[in-house]
Amino acid sequence: MTGRGKAGGGAFLACHGAGRWARLGAETDQPAGAFPLQIYLPIAEVTANVFVLLGIGGVAGLLSGMFGVGGGFLITPLLLFIGIPPAVAVATGVNQVVASSVSGVLAHLKRRNVDLVMGNVMLAGGVLGAVLGIWLFSVLRRMGQTELLVQFSYVGLLGTIGTMMLLESVRALRRSRDPKARPRRLHQHNWVHKLPFKMKFRTSGLYISVVPPLMVGAVAGVLAAIMGVGGGFLMVPAMIYVLGMPTKVVVGTSLYQVIFVAALTTVLHAATTGAVDILLALVLILGGVIGAQLGTRLGVRLNPEQMRILLALLVLAVAGRILLDLVLTPDELYSIVVTGRL
Amino acid sequence: MRGGLRLWLVAAAVALAGVAGAARAQEAPPAAPTEQVLAGLSTTTVALTASFEGSEILVFGAVYRTVPVAEDAAPLAVIVTVQGPPQRLSVWRKGRRGGVWMNVEEVRVARAPSFYAVATSAPLTEALSATEDLRHQVSIPRAIRAFGAFATVADAPAFTEALIRLRTGQGLYQLNEGAVELTRETLFRTTVALPANLTEGMYAARVFLTREGQVLDVYETVIDVRKAGIERWLSVLAREQPVAYGLLAVLLAVVAGWGASTAFRLLRS
């Protein structure tokens, strides 16, 4: 009935993403109809437009269908843009990652493209990382800096990844036009091979120390807890270039690790921040399923190298938008954090 | 419609007046107010479901008199307030640190209503004296108790002003002067708009009757705002058994992910 106080009401529970965050998306008035276009999210305590939420899930799904990346790195910032509180955006984002990873790993398991031994070592690291990340998140939350933590980590990570992807795509594009160029060697002997605690990873055909996979897993775990992502976009290159794993098993193995790390992080977030919104997650998952199917079909038709450049530009655009929010004078300097109920 | 409602209101008011008058007469205190207020609400329960888009509550009533109004009496005023469950909160102010805007100053508010609406039949300052406002905590600034970490910030009032401004912008705090329709100093009605982003709990509704800024009588009742259906079940589980809630979230995600990939594989083949 009233067109007021829609998703701009991110003031509950966690930091209110002041002004600029809340302007996009869900504030549109709509005729009162039988179908609830606006959905009340019980944990976020915010009302948002169902189609906007489906679209956010859909964009992430589209990316995963086209490129095989999780797309989780887009969900959390987009949720922030429409005024979902940062803690809910992170905790619910990681819940959505569980679903997209399960749906992705099944095909890889069937083709035996999962190195379970390597996956479990990385999982052990991931558990440590997730616990560390949750601790960091709650410390900063108590200091009123959840929003800053999320913004900073996104600008840093998306900025780096986007730049790397862009450079790599441009290089690849040039290589494809210049047939004389030599392909790069993937498996190189580097510092990884000098570390102790070596172990045999049969599926990957590797005999390396467990320390690097533990570390890669741990970093992904921290990212899951503070950013609500699976961390595949970081793990996949690390597994190829640092660990020297065969490309064939990399995606399946990282998805395997992500399922369990994301599941653990979801439970930890539910227990500490209480910010997992199941209803929101389900709408995002539904959107993701539809998007992934569209993405798979689109991905076949389009030039992969050009698409990779587009993805890199998209990632950079999201990072740039968050960076602007950090450095430009905000419209609203004040924000409300509810710390308790009387 | 309008006329019918008014007629019904009169009937209701008369009936109410009879019942309440009888009830009050029995325990009559020595100096009973000569004018008493009787009020009703169009609804006393609000269900927050997934499709909740806000609601309007009609507050209506009548003035019951034992003695006729004096010829030279000051005009009567009616004030209606609806107050959501109180919260403890922090108001943060951003500042630039190393080129980056971040939360740097905090003022803790010991108690602030999650929702607060004031509707009056006359400008609030005319309808209520400052002393009475202090006693009954009627105006929005009076409803907020902001003492606590005052010492840390130089301009603490700016923070409470920001709190009121932000929540007014979200429709959570409302001051509607003149929104109470008062007919012949006897019948009154107003509507209070509840926005979509409500917090659940017991909402206190008060109706004040004043002359010359002095409160003559107060009527109090409650509105029960609660999450309903699946919303309620989820939020209770999340609060009381967070680990079970987390496991449920994971289970649902696994089932959804597995179901989606299976469904689309079947669809393709």
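**From one loop to two chains**

So, let's begin with Gly178(B), which sits in the loop that links strand S8 (173–176) to strand S9 (181–183) of chain B. Keep in mind that this is a predicted model. Is Gly178(B) buried, exposed or partly exposed? We call Gly178(B) partly exposed because it has 14 C-beta neighbours inside 10 Å, and the partly exposed class falls between 12 or fewer for exposed and 20 or more for buried. What does Gly178(B) touch, leaving out residues up to four places away in sequence? That would be Thr120(B) and Ser121(B). And if you go 12 residues along the sequence, between Gly178(B) and Leu166(B), the C-alpha to C-alpha distance is 23 Å.

Okay, zooming out to chain B.

Now for the contact between the chains. Here we have 56 residues from chain A and 61 residues from chain B. On the chain B side, the elements giving two or more residues include strand S3 (55–65), strand S5 (86–97), helix H5 (156–169) and helix H7 (242–268). Which of them gives the largest share? It's H7(B), with 17 residues. By class, the chain B side has 35 nonpolar, 16 polar and 10 charged residues.

Strand S5 (residues 334–341) of chain A runs antiparallel to S5(B), with seven bridges. If you want a spot to look at, find Gly340(A), which is opposite Arg88(B) in S5(B).

Last stop, the nonpolar cores. The largest has 154 residues, and the ones with the most contacts inside it include Leu41(A), Val98(A), Ile259(A) and Ile79(B). Helix H9 (residues 247–272) of chain A is the top contributor to this core, at 15 residues. Both domains of chain B, domain 1 (2–227) and domain 2 (229–269), supply at least three residues each to this core. Looking at Leu41(A), and again skipping residues up to four places away in sequence, its contacts are Val46(A), Ala48(A), Asp277(A), Leu279(A) and Leu280(A). Then there's a second, separate core of 15 residues, with Val91(B), Trp92(B), Val107(B) and Phe159(B) among them.

Notes:
Residues numbered from 1 in each chain as written. Chains lettered and ligands numbered in written order. Predicted model: local features only at pLDDT ≥ 70, side-chain atom pairs only at ≥ 80, totals over all residues. Contact = placed C-beta atoms within 7 Å. Helix = DSSP H or I, 4+ residues; strand = E, 2+ residues; numbered from the N terminus. Nonpolar A, V, L, I, M, F, W, Y, C, P; charged D, E, K, R; others polar. Pairing = 2+ DSSP bridges. Core = buried A, V, L, I, M, F, W, Y, C linked by C-beta atoms within 7 Å. Domains from an automatic or database assignment.
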